[in-house]
Protein chains: 2
Amino acid sequence: MPATALRREPPDQSLLAALRQLLDDRLSTAAAICAQHGRDESYHQAHAPDAVAFARSTEEVAAIVELCALHKTPVVAFGAGTSLEGQVAALKGGVSIDMTQMNRVLQVHAEDLDATVEAGVTRKQLNEYLRDTGLFFPIDPGADASLGGMAATRASGTNAVRYGTMRENVLSLTVVLADGRIIRTARRARKSAAGYDLTRLFVGSEGTLGVITELTVRLYGIPEAVSAAVCAFPTLEDAVDTVILTIQSGVPVARIELLDEAQMEAINKFSKLDHRVAPTLFFEFHGSPAGVAEQSETVKSIAADYGGVDFRWATTAEERSKLWQARHDAYYAALALRPGSKGWATDVCVPISRLAECIRETKQDLAQSPIPSALVGHVGDGNFHLVFMIDPNQPQEISEASRLNDRMVARALAMEGTCTGEHGVGYGKMSFLVAEHGEALSVMRTIKRALDPDNILNPGKIVSV
Amino acid sequence: MPATALRREPPDQSLLAALRQLLDDRLSTAAAICAQHGRDESYHQAHAPDAVAFARSTEEVAAIVELCALHKTPVVAFGAGTSLEGQVAALKGGVSIDMTQMNRVLQVHAEDLDATVEAGVTRKQLNEYLRDTGLFFPIDPGADASLGGMAATRASGTNAVRYGTMRENVLSLTVVLADGRIIRTARRARKSAAGYDLTRLFVGSEGTLGVITELTVRLYGIPEAVSAAVCAFPTLEDAVDTVILTIQSGVPVARIELLDEAQMEAINKFSKLDHRVAPTLFFEFHGSPAGVAEQSETVKSIAADYGGVDFRWATTAEERSKLWQARHDAYYAALALRPGSKGWATDVCVPISRLAECIRETKQDLAQSPIPSALVGHVGDGNFHLVFMIDPNQPQEISEASRLNDRMVARALAMEGTCTGEHGVGYGKMSFLVAEHGEALSVMRTIKRALDPDNILNPGKIVSV
């Protein structure tokens, strides 16, 4: 963790005074508040900011950034704090801008299938708001993340195999630049060829190029029919081969999730379920009743060819909700297998043809390690996750997890994959970008320098300058 | 056309000598060759380069760009020359890099549904190559454009409503930077959260940030069943309302194209067809046989509610091919209505809820003008095109077309739309970007300056620096 070596400047009192004048009691320097804002859900070391500014509008964010720019003080945007690679850590101190009070749904254009929201709106909040419209926002990374944070980290999750990631589902962003200027990256048209794709540049930039304050996202009609199923397989490779053939057959499956036997044992215990303890796929199908029936039959037949047995259907909303809650609780369930442990989560993504091989080699590696781990994956995209259940008081466990992670990333890169499919870079995965991007990393650095010459926007993340 | 005012430097003889040493007879300064490379399919004034370099590899492109950088000489990439906003015009002279000899399909990963090709491969060539694999590349802008050019202009076309545009279908690019360095923007994984989205930054950058030399694109399984249909409507608004309801109902229609009565008259004459001369929709449905039947029934029922009559089906490959060839020939068919005329094509894109209004007001405007025009649209995306059939020898017709275009763009922008859905900016639409992007245009300029400090990459396009 080279980040700990970064020098920190003490906070400038005149900056704090100016911010207090702007925000009154919505500026906090309380130790507990600062500590909370330097920490995400990852194993990475927390770094508290010097102050937390609770913003209520784009204009306020612009004023805060402008003041910080004047004092060359770092600015880190903070949404729900659910990032997994240390994205919110204030490595060089400075001001954390808390977006949670920017939580208004500004406009829903049902006829255009889009909504414009403030960055602090969470995905569950948006879907709750949409309840009577027949529409929904599909991107679901598990955590109830803020939409601004999800855009900033290019989040995806279980539905991405059908609906895409934040990359495909953000139409436009309002962004505060490093000097406090406000831009809108695009209009509401579904497509445009009018200049550089600034929307996609800011999606996934983790607050290092600008602070996202509002976003327009795509919505979808709630499918007429939804069906979910669970199916256990003799081996992990049988499960993965089922996924590969399903995708190649063009079945528009909405979700297709892999859980290994350790993870199944964990969720059975944690969520009091009685699934077979074996490599298992969770499926969800969306469409017309006839379409869902057709998809289900096709997949069932593919699964049967790979020894998939015990197809259990969840057709009522309640059964489905229980099923996916168990999937979303996988992380906590895994931790509960080793009381007192802390989770060390990581993810990679490879071309789907290499997925079985990548998972097999990774599992062989894990089998030789004393650290317990569980594997889950959004396997329709070639994306899978590991969580190590480590004892945080044992430094050798941290270094062992780190070694296994290094090896998994190297394996994924050798298979034309990426060091992270959806968790992002933060400061946890910066060291892999040289191997992944080569010379292209220098282009990222050039862009960072051009848009944030004083390096005040979330410094020490993605690219070092 | 402010571009004509640009100063041109004479070509540097030592540069030409160095290029000739590199390329031998693949460097041409012949007037006819240069003239051909300064011209696209648009009405914009052609600007010939001083020389044309026929490249055969990424390394050669890199060497050419490096030499040009040394001499601060402009570089314009040239694919099939089918752009529509003057993208290939060498406004400041320099070297056109002809990519047509870089036309190898490098790799097809059928199991991953992707292919890597050199930038000069055309979409038809790729689909021909894929014929025995059961896969296809769906993006179809009409012209048999090169895939490099399609990526550079962020092309889309008739299939975009279902399959997306080049934005969604390029996985990775090999790009030569302004100083001759070569980068690859991403790996082959379907998704990644590993840093800035350079792929999307170069897609749509029209050769102003780098020269695309290779690309990895997504492929799709050829649908088990395909069906197409033509349906005439009492009014243009009835047709557009049918589109809106179809999209809102979540029907995964593959193509949904609007042609106005002038355009229908034109294609009847040009393609010897006997369609009703009325606002008409062309549909195509992809899926399983049952799925296609279900989609067709849903759309037929929606159309009937809006007076859609005379549903004519094209189910054989031959009938469909005839139908879509007629659609693709719409531009030439429109020109044939006025012998000796030249086409003046433009496009805008608006949120679909504003589409009927935007088209209605535009048609009212056109009705009061003496210049004949025809309207076609990829209306499922909110995108439509106008072609004016102008007499190129009548300057007042050019200025009248220009006035109508200005008004249409202003109308689209007022409706939260964009000045171009798919033709791109080139030098034809630069003047609208201020109104469309405001302060965001300065971010585009900052990026351009950072990545091309000497402004040698397709200067005078998208942003002026």
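## Cysteines

Does A:Cys231 count as buried or exposed at 0% relative accessibility? A:Cys231 counts as buried, because its relative accessibility is 0% and the cut-off for buried is under 20%. B:Cys231 is also buried, with a relative accessible area of 0%. The model is a predicted one. A search of the whole structure, over all chains, finds zero disulfides.

## The sheet of chain B

In chain B, seven strands make an open sheet with antiparallel pairing, in the order β15-β12-β14-β13-β17-β18-β16. Its edge strands are β15 and β16 (342-349), each of which pairs on one side only. From one strand to the next, the twist averages 15 degrees.

Strands β12(B) and β14(B) run antiparallel and are joined by eight bridges. B:Ala229 stands opposite B:Phe283 of β14(B). Helix α14 (residues 355-367) of chain B packs on the sheet, where it touches β13 (255-259), β17 (373-378) and β18 (383-390) of chain B. The direction of α14 makes about 10 degrees with that of β18(B).

## Helix α11 of chain B

Helix α11(B) lies across β12, β14 and β15 of chain B and runs at about 155 degrees to β14(B). Its buried residues are B:Gly291, B:Val292, B:Gln295, B:Ser296, B:Val299, B:Ile302 and B:Ala303. They sit on the same side of α11(B), because they cover an arc of only 130 degrees around the axis. An α-helix has 3.6 residues a turn, so residues three or four places apart point the same way.

The buried residues of α11(B) pack against several elements, including α11 (289-305) of chain A and α9 (236-248) of chain B. The face turned away from the buried side of α11(B) carries the exposed residues B:Glu297 and B:Asp305. Just after α11(B), B:Gly307 has a positive phi of about 80 degrees.

Key. Residues numbered from 1 in each chain as written. Chains lettered and ligands numbered in written order. Predicted model: local features only at pLDDT ≥ 70, side-chain atom pairs only at ≥ 80, totals over all residues. Heavy atoms only, no water. Disulfide = S-S within 2.5 Å. Buried < 20%, exposed > 50% of the residue type's maximum accessible area, 1.4 Å probe, protein only. Helix = DSSP H or I, 4+ residues; strand = E, 2+ residues; numbered from the N terminus. Arc of directions from axis to C-beta. Contact = heavy atoms within 4.5 Å. Pairing = 2+ DSSP bridges. Axes fitted to C-alpha atoms, helices over the stretch in contact; angles between N-to-C directions.
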